[in-house]
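The following paragraphs are meant to be read alongside the sequence and the coordinates. Please keep both in view while reading.

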Amino acid sequence: MQESSRDPALADSPPRPAGSLTQPLTAGAFVRNAWYMAGWVDQFRQSPLTHRTLLDEPIVIYRTDAGVWVALEDRCAHRFAPLSRGQLIDGCRVQCPYHGLQYDATGACVHNPHGSQRIPSRARVRAWPVLERHKALWVWMGDESPSPAQVPDFSVLDEAPELHVTPSDGILIRANYQLVIDNLLDLSHTSFVHEGLLGNQGMTASAIECDTQGTEVTVNRHASAVPPPGMFAPMWPGHPALVDSFTHMRWMAPSTLRLMTGICEPGADPASGTGYHGLHMLTPATAGTTHYFFTAVRFGVRTPDPNFNSDMQTRIARLRRFAFEEQDAPVIESQQAVLDAANRTLDPVLLEVDAGPARYKRVLEQMIAREAATR
Ligand code: FES
Ligand SMILES: [Fe+2]
C-alpha cells in the first residue's frame, strides 16, 4: 500500500528521540548480520592483500590461488601488526610482516618460525564469510549463519550490455552512513543540491510517495510536464520540451539502495521512457566514515549506436560522480561536522519530504535493537 507524503511515520512520531532524523541516533551501532559490500572485485585484484575497514573492523581480503576469497581480521594475534602489510605465501597463507607468523584461510596460525615453532592456542585471527556477486565482494559481518540469498539484489548489473553500464565507482564520505542514506532517500534535495543536473526547483510541488515492505522502504516522486533535467535530456535526442520526470528509490536494509529514474512522454508509463538504474552500496567504515560505491545501468536506450552510447556512458559516469563527490558529499560532511560540534542534543524540524528517511530509520533502529537484545 502506498501512502502520500502525509506519512504516519511523521504524524504519529513523537515526540521522537531528539536528533532522531538527521543525527544518527546510534552512531557506531550497525546491523551486523548482513552482507556488506567491501568493494568492486577488480579493486581486490590489484594487489595480493587489500585492507578494508568495515564496521570498525580492520579486514584483509585476498584470493587464494584456488580462487577462494578470504576475509581475515587485519590484526596479527601476536603484536597486532596489520597482516595486509605482509605477504601471501604459496597463494594461500598470509604471513605477518613483523615476526612472520602465518595464518590460513580460516584465521588459524599454521606456522611460527621462531624457537620450538610451537603455535600458541590463542594464535588465530577472526575470519568472515565473503562471496563475489554483482561484480562486487560482500562480507558477512555478523555471528549468525549467512545465506547467499541475503545479498542485495543488484542483478540488473549482471545482464546489461557493457556500454549501458557506467564504470564501477566509489568514494569515501567522512560522515555516518545514516546521513548518506538520509540523503539518498530524500528526493527533495535534488531540486537544490543538484539543481539543473538531476532536478530543478519546479519539481518541489510534486508529491513524494512512500511505502514500507518488510525491511525495504521505497520513495517515489513523479513530476508532470517539467523541462527534462540536464542529466536526462541528452539520453533522448528529440525529446519533447516538457516531459514527466520520475524517481523511484528503494532502500534495502541495512544500507544499499536501488534507484530507477528517468523521463518519459507526459502522461506515459515511466517504463516506456529512458533513464537509468542507479545502484548505491553504502558500507560503514567507522561511525564517522562511509564507503560509498555506485554505478548505473541504463534502460530504454534509444539507439544501438556504439559511439552515442559510449559518449552517454562517459557523460553519466562523470555527472553522477560530480553530483555525489562535489555536490552531495560536501553537504553531508559539513552536516556531520555541525552535528559533531553541537553542544546539546539537536531536535530537527520535520517536513513532509522527510517521510522516507523517517521510515527507514524506524526499520533500521528495530533491526539494531533486535540484534542488541540477542547478544
Ligand atoms: S606482530 Fe605478527 S608475528 Fe609479531
Ligand atoms: Fe544527491
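The model is a predicted one, in which local features need pLDDT of at least 70 and side-chain atom pairs count only at pLDDT 80 or more, while totals for chains, interfaces and linings use all residues. Residues are numbered from 1 along each chain as its sequence is written, chains are lettered from A and ligands numbered from 1 in the order in which they are written, and side-chain values use heavy atoms, with hydrogens and water left out.

Ile61 also belongs to the largest nonpolar core, a set of 63 residues in which Ile61, Val139, Leu185, Trp251 and Tyr292 touch the most other members. A nonpolar core is here a set of buried Ala, Val, Leu, Ile, Met, Phe, Trp, Tyr and Cys residues joined through side-chain atoms within 4.5 Å, where buried means under 20% relative accessible area, exposed over 50%, and partly exposed in between, with a 1.4 Å probe and protein chains only. The element that gives the most to this core is helix H4 (residues 306-341), with eight residues; helices (H or I, at least four residues) and strands (E, at least two) are DSSP runs, numbered from the N terminus. Because domain 1 (8-14 + 161-374) and domain 2 (45-127) both give residues to this core, it lies between them. A second, separate core has 16 residues, among them Leu131, Ala136, Trp138 and Leu157. In soluble globular proteins, nonpolar side chains tend to be buried together.

The two domains, whose bounds come from an automatic or database domain assignment, have centres separated by 38 Å when taken over C-alpha atoms. Between them, six residues of domain 1 are in contact with five residues of domain 2.

From the cores we can turn to the strands. An open sheet of four strands, with antiparallel pairing, runs in the order E2-E3-E4-E9, where two strands pair if DSSP finds at least two bridges between them. Its edge strands are E2 (50-54) and E9 (127-128), each of which pairs on one side only. E2 and E3 pair in the antiparallel sense over five bridges, and Leu54 has Glu57 as its bridge partner in E3. Two residues lie between the strands in the hairpin of E2 and E3, where Leu55 takes a positive phi near 50°. Strand E3 (residues 57-63) is in turn joined to strand E4 (residues 69-73) by five bridges, and these two strands run antiparallel; in E4, Trp69 is the bridge partner of Arg63, and Leu72 is that of Val60. The hairpin of E3 and E4 has five residues between the strands, and Gly67 takes a positive phi near 85° there. E3 is mostly covered, with six of its seven residues buried.

What surrounds the iron ion (ligand 2) on the protein side? Its protein donors are His189 (NE2), His194 (NE2), Asp328 (OD) and Asp328 (OD), lying 2.1 to 2.3 Å from the ion, where donors are N, O and S atoms within 2.8 Å of the metal (3.2 Å for Na, K and Ca), and, since water is not among the atoms, sites may look incomplete. The four donor atoms subtend angles of 57 to 147°, which makes the arrangement irregular: four donors count as tetrahedral if all angles lie between 85 and 135 degrees, four count as square planar and six as octahedral if opposite donors are over 155 degrees apart and all others between 65 and 115, and anything else is irregular. In sequence the donor residues are spaced H-x4-H-x133-D. His194, in the loop between helix H3 (177-185) and strand E13 (208-213), and Asp328, in helix H4, are 134 residues apart, and the pair links distant parts of the chain. His194 counts as buried at 1% relative accessibility, and Asp328 is buried with a relative accessible area of 3%.

A few backbone features remain. The peptide bond from Ala253 to Pro254 is cis, with omega near 0°, and Pro254 lies in the loop between strand E15 (243-252) and strand E16 (256-264). Asp90, a residue other than glycine, has a positive phi near 50° and is exposed, with a relative accessible area of 60%.

Note on methods. Contact means heavy atoms within 4.5 Å.
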